[in-house]
Amino acid sequence: MGSAGSAPAMPTYAGGAVWEWQDDGVAGWTPYDAASQVVLETAAAAAATGADSGKPVELPFGGGNYVVDLRAMKQKNKRTGYTRPVRRRAKPVVASADGSGAVAWEWLDTGAAGWTAYDDATAAELEAAHAVTGAKPVVTKRFGRATYDIDVSSWRQTNRSTGFTRDVRRRAVAAGAGVPAAAG
């Protein structure tokens with residue numbers, strides 16, 4: 001149990017957690033990059049065990065410098081002072097189209113050397129496209145200011161403006177993923 005002023009207890013998720021910030025521009029939640037995910041998850045774990053007081057975490061990403069307050073679950077832009085909510089939740093998983101279990105869809109963040117989960121709606125669209133046979137299924141999505149074509153047969157995501165491509169993957173997720181693991 002945390003002391004007064006400590007970060008809130010974070011649930012454990014069988015399939016892992018994802019940290020997101022509320023994005024005013026797309027009226028939704030945007031996952032942090034893979035490197036920031038590691039920093040935030042490490043800080044939350046330290047705060048939960050009492051190894052750290054839950055002090056704010058500094059993150060440089062997206063061309064800015066931010067401070068994330070794990071107690072208040074807020075992110076503050078150090079330059080502008082603008083504050084927005086953050087959250088931690090189970091990584092998005094969807095039922096596989098063939099009924100074999102749960103899967104997660106992720107894209108490779110080469111700058112941070114890690115995999116980042118797509119949001120719930122995108123993961124569901126990609127799984128539906130993956131189930132199509134006899135076609136070259138491509139899902140077109142807009143994230144922030146960029147539009148991407150995600151080809152689920154070649155496992156590539158392409159930025160329509162720049163032509164930059166990155167890997168995508170579909171991976172099986174353990175039974176019970178996406179729900180809090182039992183305490184014990």
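How exposed is Glu-125, given as relative accessibility? In this predicted model, Glu-125 has 35% relative accessibility and therefore counts as partly exposed.

Helix H2 spans residues 120-130, and its buried residues are Thr-122, Ala-123, Leu-126, Glu-127 and Ala-129. These residues lie on the same side of H2, because they cover an arc of only 160° around the axis. An α-helix has 3.6 residues a turn, so residues three or four places apart point the same way.

The cover over the buried residues of H2 includes strand S7 (94-95), strand S8 (102-109), strand S10 (138-143), strand S11 (146-151) and strand S13 (165-173). At the N-terminal end, H2 is capped by Asp-119, which has a side-chain oxygen 3.1 Å from the backbone nitrogen of Ala-121.

## Salt bridges

Side chains of opposite charge can pair when their charged atoms come close. The count comes to 10 salt bridges, and one of them joins Lys-141 to Glu-125, with the closest N and O atoms 2.8 Å apart. This pair links distant parts of the chain, since Lys-141 belongs to strand S10 and Glu-125 to helix H2, 16 residues apart. Lys-141 is buried, with a relative accessible area of 18%.

Another salt bridge is formed by Arg-160 with Asp-149, whose closest N and O atoms are 3.1 Å apart. Arg-160 sits in the loop between strand S12 (156-159) and S13, while Asp-149 is in strand S11, 11 residues apart. Arg-160 counts as exposed at 53% relative accessibility, whereas Asp-149, at 21%, counts as partly exposed. Elsewhere, salt bridges that share partners join Glu-20, Arg-87 and Arg-89 into one network.

Methods. Residues are numbered from 1 along each chain as its sequence is written. This is a predicted model: local features need pLDDT of at least 70, side-chain atom pairs count only at pLDDT 80 or more; totals for chains, interfaces and linings use all residues. Side-chain values use heavy atoms; hydrogens and water are left out. Buried means under 20% relative accessible area, exposed over 50%, partly exposed in between (1.4 Å probe, protein chains only). Helices (H or I, at least four residues) and strands (E, at least two) are DSSP runs, numbered from the N terminus. The arc is that of the directions from the helix axis to the C-beta atoms. Contact means heavy atoms within 4.5 Å. A polar contact is a pair of N or O atoms within 3.5 Å; within protein, one must be able to donate a hydrogen and the other to accept it, and residues adjacent in sequence count only if both atoms are side-chain atoms. A salt bridge is a side-chain nitrogen of Lys or Arg within 4 Å of a carboxyl oxygen of Asp or Glu.
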